[in-house]
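Here is a short briefing for a reader who is new to this structure. Please look over the sequence and the model before reading on.

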Amino acid sequence: MVYQLNNVSVNYTDRVALHNVSCTIEEGKWISIIGRTGAGKSTFVKVLKGLIPSIDGDYSIDQQLVQRDSKSQLKVIPDIGYVFQYPEHQCFETSVYKELAFASKMMGHSSQQITHAIELILPQVGLSEEILPLAPFQLSGGYKRRLAIASELMMNPRLLILDEPTAGLDPVSRLSLMRLLKEWQQQDNRTILNVSHQMNDVAEYSDEVIAFHEGHLMEHCDTSTLFLEQGQWLAKLGMSLPEPVQLLKLVEELSGQNIEVASCRERDIFEKVWPILHTRGC
Amino acid sequence: MLTFDHVHFYYKKGQPVIDNLSFTIGTGEFVAIVGTNGCGKSTIAKLMDGLLIPKKGSVTFNHLDTSRPSDLDMIHEHIGFVFQNPEDQFITTTVMDEVVFGMENIRVLREEIQSRLDHALRSVQMEDYLDSMPHQLSGGQKQRIAIAAIVAMRPQIIIFDEATSMLDPLGREHVLSIMNELHRLGMTIIHITHHMEEVLSAERILLIHEGRIEFDGNPLTFFETVDVKDYQLELPFAVRLYQMLYQSTSLMADWKEMIRIQWSIN
Amino acid sequence: MSRNVLMGQYWETNSLFHRLDPRTKIISIIFIMLCFLMLDTIISYIVATVFILAILLLSKIPFHIFRSGLKSMLFILMFTFLYHVVFTKGNVIWSWSFIEITMEGLHNGIRIVWRIILLILLASMLTLTTKPLTLAHGLEKLLSPLSKLNVPVEQFSLMIVIAIRFIPTILQELDRILLAQRARGYDITSLPLPKRIFAYIPILIPLLFTIIQRAEQLTYAIDARAYGNGKGRTTFKQLKFKQMDYQLGGIVIIITLSLILLNIGGV
């Protein structure tokens, strides 16, 4: 599946949320969407899901223009998974089972199909079958979050959009959630679009990064290329570099050397940086 | 001086959340309280300010006791509390009304309210937002107004209960720098958090686990002696770097240098 | 869904009404409403309407605000009209099977709807020209003698402030939940009417849940800010009657008395 936006703009009554955005999203990648609050990240991903009815410009999937209704409004696209910020706020059913089954039931799936899908999904989000009869409200924060994400995964989307999936979580829950998502994405060559402020996570998990600033799409490239080669203009836009990259720059400055790293991931940077710290006797 | 004396607390009988907790926090200290979700740190915060009352034992601030209802007004005046959700502590309809609200509660005279109002807003750099309404402000701005509303009451202690965890990086930066500035000016700061980098500015760390204190000391000793994985905490970046270096080279990298690196990054 | 101007919310134009003490406005409106409820004759209705239109003009608030406010009441107005038209007994002028339309019915229907419209316009004048907090202060001051009878006036006042404060927040939350459920494939508007009643469950339950959680957090916040039982608080903004308050009060009394006299005179 290839998702393509061509000169798309979104105008609200008081401001322009997206200016002439053109971009192509190919499958099989983890793409992080970064930018300051209000830069247009959420609007961008909402357009992709079809949650914004009136947009200027073209949106096509696999070379075909996405369907619009009689008033030229975009319709919600069912095959794309979308996880809102604090997704547990949308839970309402009396049991975890029913919450997971919600969207599938509406699509007309049978109970056997639903139960089978649930059995497959639960381990993928690190939840056990014991919680099925419980009410969502009885679960702890981290588990409720996984439940909400699992209900999106139930539809087996090829593209999953996540708006700050780790917001408000403690560090350990954050780490395990990101790892679960990475595993899910790598299975079956799925695509993840992750709106995030956590630069360390962006460096660690994403293949590509799309950067927004004041409604404009500034850059869409490889994660390493963005952080290692284009760091300066990121700072100008009020975004910080991931800590490993900051460390790299600091050591380069202190030692006067240019350091080649395999990627901007923590391990790769540490590997190259420690010998220098070692020889300088710290 | 804020003292916990053999405090027990539970929400449901038979499921103690705080178990025989005793400690003292002195004037002007900067204390970070850390621990996993559910370890009781938020409960401790509320016990400190008399928002919850101990089932056994006592919480005292100087000569005031939270279990004495007549002392509660004074306790709330002397101890400020910044909550986690910026939305749920903005009580009134505009910034000005919000900062004035607490002052009216503690019966500050009208003439003095105006000057305290100006000073409080300036201390959080929100002087231009007098007439703004909450839905026009970002999360970080709302937290700053909450801090201003508390500063205007001139407390001796301010408790920050995970006050940065719902903010974006910019908002977090602002709140943390205000926290440090307030401490510099003599305020006692109690910072409850699970972001371990924030802990590095504190002078003292209290690690809470299952309602009990597992560690009480300074940050350097903390990272040297505590295995944070046991408590589901994350290491700040520099500390991770140190540990990785130590493990792969058995090199005693200089602790202080590591912390310096962390500070220069942030 | 953008709700930039909630029906009846404060609209700044700095007219004379915006500068009046809220107590003047509250008392005047009560007087005028009571007066209107006593009116009977066509002339008195016309004079009352002219009076209200003059007020609307003087407020400098754009007419479309009032129009959209009335539009949302259209259903209730029509229903009231039809109810009176059909169910009032008297001289039948038209009938169809068991439905009888009488002269008196038409008369009643028109009068009552007219009256309701005037009252709505009057009430919106209050909320459009008075900031919510000021309104709450005004009410608190007017009701303060009741606190001697142990009525918790200060706390009612805080309740009103909080309700006003959280209306936009709750609406935002509602929008968010609607969007989230829509993203899951749940479209309320596509469901047939009988099912629609249960259809609100996935919307209302999460909403109620967040509202209750919010309320709990708020009680801690209010306690932490040393509110206590709300007694003995100082007030920063003072309400003082000015010249214009006395002048307007006088005018209101004159007009309401004249209307009543007009009415009694059977003109």
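Predicted model: local features only at pLDDT ≥ 70, side-chain atom pairs only at ≥ 80, totals over all residues.

Residues are numbered from 1 along each chain as its sequence is written, while chains are lettered from A and ligands numbered from 1 in the order in which they are written.

**Chain A: overall form**

- Chain A holds ten helices and ten strands. Both are DSSP runs numbered from the N terminus: helices are H or I with at least four residues, strands are E with at least two.
- Along its principal axes, the C-alpha trace of chain A spans about 65 × 45 × 35 Å.

**Chain A: domains**

- Chain A divides into domain 1 (1-79 + 157-234), domain 2 (95-154) and domain 3 (242-282). Such bounds come from an automatic or database domain assignment.
- The C-alpha centres of domain 1 and domain 2 of chain A are 25 Å apart.
- Nine residues from domain 1 of chain A and nine residues from domain 2 of chain A make up their contact. Two residues are in contact if their C-beta atoms, placed from the backbone, lie within 7 Å.
- On the domain 1 side of this contact in chain A, helix α5 (residues 171-186) gives the most, with five residues.
- By class, that domain 1 side has seven nonpolar, two polar and no charged residues. Ala, Val, Leu, Ile, Met, Phe, Trp, Tyr, Cys and Pro count as nonpolar, Asp, Glu, Lys and Arg as charged, and the others, Gly among them, as polar.

**Chain A: a sheet**

- Four strands of chain A form an open sheet in the order β2-β1-β4-β5, with antiparallel pairing. Two strands pair if DSSP finds at least two bridges between them.
- The edge strands of chain A are β2 (16-25) and β5 (64-65), each pairing on one side only.
- Strand β4 (residues 56-61) of chain A pairs with β5(A) in the antiparallel sense over two bridges. A:Gln64 in β5(A) is the bridge partner of A:Ile61.

**Chain B: domains**

- Chain B is assigned domain 1 (2-233) and domain 2 (235-266). Their centres, taken over C-alpha atoms, are separated by 30 Å.

**Contacts between chains**

- Chain B puts 29 residues in contact with 26 residues of chain C. On the chain B side, α3(B) gives the largest share, six residues.
- That chain B side divides into eleven nonpolar, eight polar and ten charged residues.

**A helix pair in chain C**

- Helix α2 (residues 22-38) and helix α6 (residues 103-129) of chain C have axes that come within 10 Å and cross at roughly 180°. That makes α2(C) roughly antiparallel to α6(C).
- Axes are lines fitted to C-alpha atoms, for helices over the stretch in contact, and angles run from 0 to 180 degrees between N-to-C directions. Angles over 145 degrees count as roughly antiparallel.
- Among the residues that meet are C:Ile29 and C:Phe36 in α2(C), and C:Leu118 and C:Leu122 in α6(C).

Methods. Parallel < 35°, antiparallel > 145°, perpendicular 65-115°, else oblique.
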